[in-house]
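Open the model in your viewer and keep the selection tool at hand.

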Amino acid sequence: MEVGFLGLGIMGKAMATNLIRNGFKLTVWNRTLSKCDELVELGASIGETPAAVVKKCKYTIAMLSDPSVSLSVVFDKDGVLEQICPGKGYVDMSTVDADTSSKISEAITSKGGSFLEAPVSGSKKPAEDGQLVILAAGEKSSNHSLCLLLLVMGSTEFCLVSLLRALYDEATPAFDIMGKKSFFLGQVGNGAKMKLVVNMIMGSMMNTFSEGLVLADRSGLDPHTLLDVLDLGGIANPMFRLKGPTMIQNSYPPAFPLKHQQKDMRLALALGDENAVSMPVAAAANEAFKKARSLGLGDLDFSAVHETVKTTLKNSS
């Protein structure tokens, strides 16, 4: 079975590479088509447009940068909607808000296609290692009512072959390659919400971690020793372990670009507004990421927010 893959940025490229190396036949697309070349060398085919990819493949995965791009790829000319139809599925693994995910779902299903949102928790290294956490929501089990209707109408073969397994079940082999664990969270929108909550917590933690590193250094303590102490305590976690050493060296190679983290903070705060949840810590963290973007750090790793703490101290001294 041929699988489509739209979006070959930091995350998408790693995820698509793992699928190819594990035997999946992929047709890929990216706005800058030259970014497909490395995947072609591994055996992928190129689709000239999202519509061309969907036409060729039974189901198509998208890993795109933000809600506006996700909507554009679906609704614009030569987009997904032009070729989606019964028997085809669309799996959006981008990080978007629940409203965007719902709009895409309604459009896909209105044309008879199946839709699954499946944003991921994890950045470049987990994507490369196939260790992402996948937060899926949408159609999970077989639609027996539709099956019965199709049987009555005489569409026996289509029913038995295409609809006995829903999109989540069909995507599970791919999820098992790209991730270490998949969660099914119910109706469309829940995956997007869970991802925003996770990234809101992560962004807030990164700001506090940055302040701690600077505070240790300014207090005459060795930041490396701080990392050792943290790693042996109750708040030990992979993020501190992975990011801490490079942050101390003022090095921020992009595994998860800061501009995307700030986008997720903004969307999480909007979710908080919708649900009347006060989030002063997340709001302060968002301001720090916005400041980092104003300093030209948006394309660096989100840990570059560390620089805003140092800059604030320099300006106040």
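In which strand does Ser-114 lie? Select Ser-114: it lies in strand β6, residues 114-117. Helices (H or I, at least four residues) and strands (E, at least two) are DSSP runs, numbered from the N terminus.

Before going on, note that this is a predicted model, in which local features need pLDDT of at least 70 and side-chain atom pairs count only at pLDDT 80 or more, while totals for chains, interfaces and linings use all residues. Residues are numbered from 1 along each chain as its sequence is written, and side-chain values use heavy atoms, with hydrogens and water left out.

**Stop 1: Ser-114 and Ile-108**

Ser-114 has a relative accessible area of 17%, so it is buried. Buried means under 20% relative accessible area, exposed means over 50%, and partly exposed is in between (1.4 Å probe, protein chains only). Show the contacts of Ser-114, leaving aside neighbours within four places in sequence: Lys-88, Gly-89, Tyr-90, Ile-108, Glu-139 and Leu-167. Contact means heavy atoms within 4.5 Å.

Now select one of those partners, Ile-108. Ile-108 lies in helix α5, residues 98-110. Its relative accessible area is 0%, so Ile-108 is buried. Not counting residues up to four places away in sequence, Ile-108 touches Val-80, Leu-81, Ile-84, Tyr-90, Gly-113, Ser-114 and Phe-115. Tyr-90 is therefore on the list for Ser-114 and on the list for Ile-108, with contact defined as above. For a distance check, pick the C-alpha atoms of Ile-108 and Ala-98: they are 15 Å apart in space and 10 residues apart in sequence.

**Stop 2**

Select residues 190-218, which form helix α10. How far apart are the end C-alpha atoms of helix α10? They are 42 Å apart, and the 29 residues at 1.5 Å a residue should span 42 Å, so the two agree. The expected span is 1.5 Å times one less than the number of residues in the helix. Just after α10, Gly-220 takes a positive phi of about 85°.

Within α10, pick Ala-192. Ala-192 is buried, with a relative accessible area of 1%. Leaving aside neighbours within four places in sequence, Ala-192 is in contact with Val-96, Asp-97, Ala-98, Glu-117 and Pro-119. The C-alpha atoms of Ala-192 and Glu-117 are 7.4 Å apart, although the two residues are 75 apart in sequence.

**Stop 3**

Select Leu-258, which is found in helix α13, residues 258-274. Is Leu-258 buried or exposed? Its relative accessibility is 0%, so Leu-258 counts as buried. Not counting residues up to four places away in sequence, it touches Phe-289, Ala-292, Arg-293, Leu-297, Gly-298, Leu-300, Asp-301, Phe-302, Ala-304 and Val-305.

Next, look at two loops. Asn-250 lies in the loop between α12 (238-248) and α13. Its phi is near 60°, a positive value in a residue other than glycine. At 44% relative accessibility, Asn-250 counts as partly exposed. Ala-276 is found in the loop between α13 and α14 (280-294). Ala-276 has a positive phi of about 55° although it is not a glycine. At 73% relative accessibility, Ala-276 counts as exposed.

**Stop 4: helix α1**

Select residues 10-21, helix α1. Its end C-alpha atoms are 17 Å apart, which agrees with the 16 Å that 12 residues should span at 1.5 Å a residue. The helix is mostly covered, with 9 of its 12 residues buried. Among them are Met-11, Gly-12, Met-15, Leu-19 and Ile-20. Just after α1, Gly-23 takes a positive phi of about 95°.

**Stop 5: the whole chain**

Clear the selection and zoom out. The protein has 15 helices and 9 strands. Along its principal axes, the C-alpha trace spans about 80 × 50 × 40 Å. Of the 317 residues, 50% count as buried. Among contacts between residues at least 6 apart in sequence, 71% join residues at least 24 apart.
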